[in-house]
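My notebook is open, and I am looking things up one at a time. Come along and check each entry against the picture.

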Amino acid sequence: MLARQLWDAITDPFLGMLSDRTPGQSIGRRAPWIAVGAPLAALLWAFVWSSGHSVWYYHLTINIFALFLTAVVVPYLSLLPAVAAHIPRKFLGVTAIQQV
């Protein structure tokens with residue numbers, strides 16, 4: 001379980017940086033990450049629950065699933081501050097509540 005948290009500590013900031021540096025397209029910077037990551041995370045989620053494999057298989061599958069889930073969650077949580085740039089600061093506390 002500790003290895004999974006360490007993996008997240010590395011991938012979360014890295015994918016956040018990549019999401020921020022994605023060139024803006026007609027659908028935005030964040031949407032491609034969500035559109036690609038969500039189906040891949042769903043596919044890996046099915047592999048996590050397949051039976052009859054070694055512990056290393058599950059460890060690898062869960063970490064790859066976590067990578068794709070991070071590719072969805074980090075850009076998703078970045079959408080509200082990006083969209084709400086014109087909204088008064090007092091309303092942006094919604095972001096903190098959303099993440100909890």
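**Entry 1: Asp-8.** I looked up Asp-8 and found a relative accessibility of 15%. Asp-8 therefore counts as buried, a word I use for under 20% relative accessible area, with exposed for over 50% and partly exposed for what lies in between (1.4 Å probe, protein chains only). Asp-8 sits in helix α1, residues 2-21. Helices here are DSSP runs of H or I with at least four residues, strands are runs of E with at least two, and both are numbered from the N terminus. Which residues does Asp-8 contact, leaving aside neighbours within four places in sequence? I found Pro-13, Ala-66 and Thr-70, where contact means heavy atoms within 4.5 Å.

**A note on the model.** I am reading a predicted model, in which local features need pLDDT of at least 70 and side-chain atom pairs count only at pLDDT 80 or more, while totals for chains, interfaces and linings use all residues. Residues are numbered from 1 along each chain as its sequence is written, and side-chain values use heavy atoms, with hydrogens and water left out.

**Entry 2: Thr-11.** I stayed in helix α1 for Thr-11. Its relative accessible area is 6%, so Thr-11 is buried. Beyond its neighbours within four places in sequence, Thr-11 is in contact with Leu-67 and Thr-70.

**Entry 3: α1 against α3.** Next I looked at how these two helices meet. The axes of α1 and α3 cross at roughly 35° and come within 9 Å; axes are lines fitted to C-alpha atoms, for helices over the stretch in contact, and angles run from 0 to 180 degrees between N-to-C directions. On the α1 side I noted Trp-7, Asp-8, Thr-11 and Leu-15 among the contact residues, and on the α3 side Ala-66, Leu-67 and Thr-70 are included. How many residues of each class make up this contact of α1 with α3? I wrote down nine nonpolar, six polar and three charged. Nonpolar covers Ala, Val, Leu, Ile, Met, Phe, Trp, Tyr, Cys and Pro, charged covers Asp, Glu, Lys and Arg, and the others, Gly among them, are polar.

**Entry 4: α2 against α3.** Helix α2 (residues 31-48) packs on helix α3 (residues 55-83) at about 150°, with axes 8 Å apart. α2 and α3 are therefore roughly antiparallel, the word for angles over 145 degrees. Their crossing is left-handed. The contact of α2 with α3 has 21 nonpolar residues, two polar ones and no charged ones.

**Entry 5: Thr-22.** I then moved to the loop between α1 and α2, where Thr-22 has its place. Is Thr-22 buried or exposed? Its relative accessible area is 13%, so Thr-22 is buried. Not counting residues up to four places away in sequence, Thr-22 touches Arg-29 and Trp-33. The C-alpha atoms of Thr-22 and Trp-33 are separated by 9.1 Å.

**Entry 6: Ala-82.** Ala-82 is found in helix α3. With a relative accessible area of 44%, Ala-82 is partly exposed. Ala-82 and Arg-30 are 52 residues apart along the chain, and 9.7 Å separates their C-alpha atoms.

**Entry 7: the whole chain.** Last, I counted four helices and zero strands in the protein. Of its 100 residues, 23% count as buried.

Methods:
Angles under 35 degrees count as roughly parallel, over 145 as roughly antiparallel, 65 to 115 as roughly perpendicular and the rest as oblique. A crossing is left-handed if the near helix is turned anticlockwise from the far one by less than a right angle, and right-handed if clockwise.
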